[in-house]
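Please read the points with the structure open beside you.

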Amino acid sequence: MRITYHCARPTASHLPRKKESERRLVDRKSSTAMEKDTGIHGPPLFRFGLVADVQYADREPDKDEKAIYYREAIPTLRKAIDAFGQHKDIRRVVHLGDIIDGNVTAEKTQQDFDDVLEAFEEFDRQGIQVCHVLGNHCFRVRRDLLLERLGLEQQPYYAMQLHEGWRLIVLDTTDLSLCAWPEGSSEYQEALKYAEDRPLEDHPEMVSWNGGLREAQLDWLKAQLRDAENAGEKCIVCSHHPLAAGCARPTHMCWNGQEVSDILASSPSVVGAFHGHDHQGGYAEYNGKHFTTVEAIVECPPDSVAYGIVDVYPSSLVIRGAGRVTSRKLDFA
């Protein structure tokens with residue numbers, strides 16, 4: 001029997017909410033408190049910004065969606081942009097995917113995409129480069145247009161130098177998925193076969209709003225890590241779908257996240273990874289590597305904010321969270 005998959009949005013009835021006892025490091029700390037707790041003083045090697053799941057739409061949330069603020073997402077993003085602009089040493093910001101949610105018609109979805117990209121242009125005016133990560137909701141816009149407008153038409157996964165001795169690796173976890181490809185394509189058929197071979201009752205990550213990496217990207221990732229190791233570089237990895245077990249709910253994990261996290265954990269160059277997708281955020285340590293899921297802008301009330309500034313030190317990443325985003329100190333060897 002063949003299975004038909006639809007790239008539906010997870011609703012409250014689908015998803016278990018994490019119990020308070022299961023949430024990790026949920027206390028929000030001010031910068032002063034973070035300095036006192038971490039014992040770190042002085043300037044970092046460099047810093048960069050993080051935002052996750054803007055997921056803008058000019059519409060009201062569905063009846064079963066609670067604490068979702070689609071229309072307020074752009075104003076909340078603008079507050080983050082203003083905050084980043086106050087730090088003249090922030091030259092890059094990573095958006096961890098799902099730039100839009102999708103609207104009731106293709107025309108309205110396209111208008112939402114145009115509007116949120118106009119907001120992102122403020123980063124350019126501030127002299128800040130945005131590193132986009134592809135998420136499942138992004139593909140409510142036609143694929144070729146999406147990649148062109150985000151500057152990802154050459155390759156949707158990529159690497160760049162963040163700082164001398166530091167490499168950013170951006171993965172595309174929609175590469176192996178049912179949302180990112182036309183139904184008649186070989187890529188879609190490959191993803192469908194992958195999903196059918198892994199029953200949902202045994203693999204809760206195999207829901208249609210998740211995805212993974214195909215073999216070509218896995219090979220590329222391994223090559224990037226070998227190059228970084230040979231160059232003596234440290235690596236920070238970003239993806240939309242969380243990778244390591246425990247850093248997000250099982251229903252929000254990358255399809256082959258265990259394989260990918262094993263690859264990352266085996267590399268001495270990898271320090272940690274940042275993800276979006278699971279709006280409530282999360283954290284896990286796996287084989288000494290840090291996997292952090294960043295809380296979403298789209299669930300940020302109008303009177304709050306949701307962004308993080310990552311200060312990079314020789315042996316620590318210090319996430320200075322604002323509003324919904326959790327502050328953390330992540331030590332590494």
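1. Terms for the strands come first. Two strands pair if DSSP finds at least two bridges between them. Helices (H or I, at least four residues) and strands (E, at least two) are DSSP runs, numbered from the N terminus.

2. Provenance. This is a predicted model, in which local features need pLDDT of at least 70 and side-chain atom pairs count only at pLDDT 80 or more, while totals for chains, interfaces and linings use all residues. Residues are numbered from 1 along each chain as its sequence is written, and side-chain values use heavy atoms, with hydrogens and water left out.

3. Overall make-up. The chain has seven helices and twelve strands. Of its 333 residues, 58% are buried. Buried means under 20% relative accessible area, exposed over 50%, and partly exposed in between (1.4 Å probe, protein chains only).

4. Contacts along the chain. A contact means heavy atoms within 4.5 Å. Among contacts with a separation of 6 or more, 73% are between residues 24 or more positions apart.

5. Strand 6 and its partners. Strand 6 covers residues 234-239, and five of its six residues are buried. Strand 5 (residues 166-170) runs parallel to strand 6, joined by five bridges. There, W166 has K234 as its bridge partner. Strand 7 (residues 270-275) also pairs with strand 6 in the parallel sense, over five bridges. In that pairing, A273 of strand 7 stands opposite V237.

6. Strand 10. Is this strand buried or exposed? Eight of the eight residues in strand 10 (residues 306-313) are buried. A306, G308, V310 and V312 point one way, Y307, I309, D311 and Y313 point the other way, and all are buried.

7. Neighbours of strand 10. Strand 1 (residues 46-51) pairs with strand 10 in the antiparallel sense over five bridges. F48 has V310 as its bridge partner there. Strand 11 (residues 316-323) is antiparallel to strand 10, with eight bridges joining them. Strands 10 and 11 form a hairpin with two residues between them. Y313 is bridged to S316 of strand 11.

8. Two helix residues to check. A191 lies in helix 5 (residues 186-196). Why does A191 count as buried? Because its relative accessibility is 0%. Beyond neighbours within four places in sequence, A191 is in contact with L176, S177, L178 and W255. S177 is 14 residues from A191 in sequence, with 5.3 Å between the C-alpha atoms. N230 lies in helix 6 (residues 215-231). N230 counts as exposed because its relative accessibility is 70%. Its C-alpha atom is 9.4 Å from that of S269, 39 residues apart along the chain.

9. The structure holds two cavities of 30 Å³ or more. A cavity is a set of points, on a 1 Å grid over the protein atoms alone, where a 1.4 Å probe fits but cannot get out; lining residues have an atom within 4 Å of a point. The second largest cavity has a volume of about 30 Å³. Grid points are joined across faces, edges and corners, and a volume is the space filled by probe spheres set on the points. Its lining is T292, T293, V294, E295, I319, V325, T326 and R328.

Notes:
1 Å grid on protein atoms, 1.4 Å probe; cavity = no way out; pocket = protein on both sides within 12 Å on 5 of 7 lines; lining within 4 Å.
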